[in-house]
Amino acid sequence: MKQSLFVLGLAATATAFTGPSPTTRADTALFGGARGASTTLEGKTATITKVKELLDSSEMIFSVPASGITVSQVQGLRRSLPEGTTMSVVKNKLMARAIEGTDYETSGDLLKGANMWFFIEEDIGASVIF
C-alpha cells in the first residue's frame, strides 16, 4: 500500500513538470540590456556628444567616487541639486573619448572605478554648498 501511494505521488509530481510546451515570447525589452544607451554604438555616440556639450557649457566639473553609495542616496542627491547642475554616471571609456582634445584631458587619471560626474553650468556657489 505504501509503495503504490509513493508511485502515484511520483506520477502526479511528474505531470506537474510536463505541462504544455512553452509558447514563444515576443521580443522583450529588458532594462538596458543589449539595447541600452551605453551598449549600442548610437547610444555611446549620443552619450559622448551629450558629455562634450556639458563640458563646453560648464563653468566647473568635478567627480565623486560612486562606489558605496546607495540608489536612494543618489536619487536624493539628484533631487537636491540646483538648476543648472547636472549629475551623471558615465562609463570611463566614454568619458575618456569625450575629454579627448579638451582642457579636461589631463583628468583622464581619474577615470578609474565608478564615478559620478557633476557639471555645473551656472551659479557655482549654490551647487557647491547644496
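A: S67 belongs to the loop that runs between β1 and α3 (71-80); helices (H or I, at least four residues) and strands (E, at least two) are DSSP runs, numbered from the N terminus. The model is predicted, so local features require pLDDT of at least 70 and side-chain atom pairs count only at pLDDT 80 or more, whereas totals for chains, interfaces and linings use all residues. Residues are numbered from 1 along each chain as its sequence is written, and side-chain values use heavy atoms, with hydrogens and water left out.

S67 is exposed, having a relative accessible area of 57%. The classes are buried (under 20% relative accessible area), exposed (over 50%) and partly exposed in between, with a 1.4 Å probe and protein chains only. The loop between β1 and α3 also holds G68, which is exposed at a relative accessible area of 77%. The C-alpha atom of S67 is 9.3 Å from that of M116, 49 residues apart along the chain. For G68 and A114, which are 46 residues apart along the chain, the C-alpha separation is 9.8 Å.

The wider architecture is as follows. The protein has 5 helices and 3 strands, and along the sequence they follow the pattern α-α-β-α-β-α-β-α. The 3 strands form an open sheet in the order β1-β3-β2, with antiparallel pairing; two strands pair if DSSP finds at least two bridges between them. β1 and β2 (85-88) are the edge strands, each pairing on one side only. From one strand to the next, the twist averages 20°, where axes are lines fitted to C-alpha atoms, for helices over the stretch in contact, and angles run from 0 to 180 degrees between N-to-C directions. In general, strands of a sheet pair through backbone hydrogen bonds, either parallel or antiparallel. Here β1 and β3 are joined in the antiparallel sense over 6 bridges, and S63 has W117 of β3 as its bridge partner.

On strand β2 sits S88, which counts as buried at 15% relative accessibility. With neighbours within four places in sequence left aside, S88 is in contact (heavy atoms within 4.5 Å) with N115, M116, W117 and F119.

Residues up to four places away in sequence not counted, N115 touches S63, V64, P65, A66, S88, V89, V90, N92 and L110.

The structure holds 1 aromatic pair. The partners are F62 and F118, stacked at 4.7 Å centre to centre with 10° between the planes. Rings of Phe, Tyr and Trp (its six-membered ring) pair if their centres lie within 6.5 Å; planes under 30 degrees apart count as stacked, over 60 as edge-to-face and the rest as tilted. This pair links distant parts of the chain, since F62 is in strand β1 (residues 60-65) and F118 in strand β3, 56 residues apart. F62 is partly exposed at 25% relative accessibility, while F118 is buried at 2%.

The nonpolar cores complete the picture. Such a core is a set of buried Ala, Val, Leu, Ile, Met, Phe, Trp, Tyr and Cys residues joined through side-chain atoms within 4.5 Å. The largest has 13 residues, of which V51, L55, V90, M95, W117 and F119 touch the most other members. Two or more of its residues come from each of α2 (41-57), α4 (92-99) and β3 (115-120). Another core, of 6 residues, lies apart from it and includes A66, L81, M87 and F118. V51 is in contact with V90, M95, A98 and F119, its neighbours within four places in sequence left aside. In soluble globular proteins, nonpolar side chains tend to be buried together.

Over the whole protein, buried residues make up 22% of the 130 residues. Among contacts between residues at least 6 apart in sequence, 76% join residues at least 24 apart.
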